[in-house]
Amino acid sequence: MAIKTIDPQVQKNTKTKPASAVSKVLAKPVLPLDQIVVGDCIESMNALPEGSIDLIFADPPYNLQLGGDLTRPDNSHVDAVNNDWDKFDSFAAYDKFTRDWLKAARRILKPDGAIWVIGSYHNIFRVGTAIQDLGFWILNDVVWNKSNPMPNFKGTRLANAHETLIWASRSQEQKRYTFNYDALKTGNDDVQARSDWWTFPICSGGERMRGEDGKKSHPTQKPEALLHRIIVGTTNPGDVILDPFFGTGTTGAVAKLLDRRFIGLERDKDYIDVATRRIANVRKLGAEDIEVQSSKKSEPRVPFGALVEHGLVRPGDRLFCPQNRHVARVRADGSLMTGESSGSIHRMGAHVQNAPSCNGWTFWHYKSDQGLAPIDLLRRKFRTQMGLS
């Protein structure tokens with residue numbers, strides 16, 4: 001996949017099109033998929049179609065407010081962030097910039113879209129306030145505990161060993177957003193994923209992008225592993241991910257690997273050159289390799305009665321609990337009968353256990369050639385037969 005860059009200033013100098021052609025372009029703007037747009041991120045987002053982006057990952061300037069050069073105890077220089085793009089005249093100027101780009105970002109998110117923003121203690125609280133004031137709805141704050149943080153060389157403060165990410169949906173009223181819960185749980189050895197992430201070191205070694213002089217190409221390059229978790233957990237293949245502070249293209253590289261579409265916004269030509277070469281060298285994974293563990297909540301609902309109607313379970317069949325202590329008889333309407341009591345598979349599972357609730361699909365078993373098997377297997381078979389999988 002060849003990475004293109006779009007420079008709005010260059011486009012403005014092209015031959016003027018007829019008015020009819022211009023009106024068609026304005027009526028149906030085209031997303032610059034898998035491209036890097038050169039220029040100011042706010043202007044670039046305002047030029048994109050409303051409600052066109054699935055996910056935004058933003059790593060905005062931190063406004064570090066460094067008072068001077070940093071040195072180690074041996075007086076050697078610490079390579080810190082001292083770029084012009086991270087300098088603002090005041091907190092008020094930074095707040096205005098933050099609200100302007102967040103407002104532009106919210107406009108282009110789809111109704112079921114979401115945003116991730118990462119920051120340090122210098123800026124994340126101000127960003128969080130703006131996120132809430134503009135109508136986003138915070139889903140989680142995530143703490144990235146760095147496994148190899150930079151020490152506090154002066155010994156005047158605690159070592160700053162983490163950064164904070166805010167994950168927010170477009171609005172409080174939003175009913176749907178992408179969250180691949182089971183995928184993250186499976187990747188965490190079947191343990192529910194938490195909001196403290198500690199397996200990601202800061203970029204170093206071969207992952208750190210460097211120029212011919214050996215110096216870092218970008219001072220705040222984020223690890224690909226961090227973006228991998230975000231993209232796997234909160235997007236689906238084919239989704240469009242926009243990064244308004246593209247830098248050296250970490251978001252684009254991981255998006256391409258995982259078969260997502262990306263749009264990068266960046267104004268620094270040196271960063272763009274690095275990102276373009278980096279992404280061009282990424283070979284995306286095959287369709288089977290990017291499939292994730294699906295959530296049962298997202299699967300089409302199948303009532304137990306449908307299995308009876310289609311003959312996968314027949315009236316009069318017996319179902320058993322896993323320990324074979326409780327037995328229930330299937331009735332024609334899809335209810336179960338045990339003793340003098342009857343009801344749904346869930347109600348009768350709870351009844352025999354004297355429990356407040358029960359998942360009847362995993363509690364009740366049928367006799368198969370290999371012994372007792374949960375009736376959930378029959379539900380899966382039904383989905384496959386009916387083309388619902």
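Predicted model: local features only at pLDDT ≥ 70, side-chain atom pairs only at ≥ 80, totals over all residues.
Residues are numbered from 1 along each chain as its sequence is written, and side-chain values use heavy atoms, with hydrogens and water left out.

**The chain as a whole**

- The protein chain has 13 helices and 15 strands; these are DSSP runs numbered from the N terminus, with helices (H or I) of at least four residues and strands (E) of at least two.
- Of the 389 residues in the protein chain, 42% are buried, where buried means under 20% relative accessible area, exposed over 50% and partly exposed in between, with a 1.4 Å probe and protein chains only.
- Among contacts in the protein chain with a separation of 6 or more, 68% join residues 24 or more positions apart; contact means heavy atoms within 4.5 Å.

**Helices α7 and α8**

- The axes of α7 (residues 224-234) and α8 (residues 250-257) come within 9 Å and cross at roughly 55 degrees; axes are lines fitted to C-alpha atoms over the stretch in contact, and angles run from 0 to 180 degrees between N-to-C directions.
- The contact involves E224, L227, H228 and I231 of α7, together with T250, T251, A253, V254 and A255 of α8.
- Five of these residues are nonpolar, three polar and one charged; Ala, Val, Leu, Ile, Met, Phe, Trp, Tyr, Cys and Pro count as nonpolar, Asp, Glu, Lys and Arg as charged, and the others, Gly among them, as polar.

**Helices α4 and α5**

- Helix α4 (residues 91-108) packs with helix α5 (residues 124-133) at an angle of about 45 degrees, and their axes are 10 Å apart.
- That angle makes α4 oblique to α5.
- In α4 the contact is made by F91, Y94, D95, T98, R99 and L102, and in α5 by R126, V127, T129, A130, I131 and D133.

**Strands β14 and β15**

- Strands β14 (residues 365-368) and β15 (residues 371-374) run antiparallel and are joined by four bridges; strands pair if DSSP finds at least two bridges between them.
- The two strands form a hairpin with two residues between them.
- K367 has L372 in β15 as its bridge partner.

**Residue K110**

- K110 lies in strand β4 (residues 109-119) and counts as partly exposed because its relative accessibility is 27%.
- Leaving aside residues up to four places away in sequence, K110 touches G51, S52, I53, D54 and R170.

Methods
Parallel < 35°, antiparallel > 145°, perpendicular 65-115°, else oblique.
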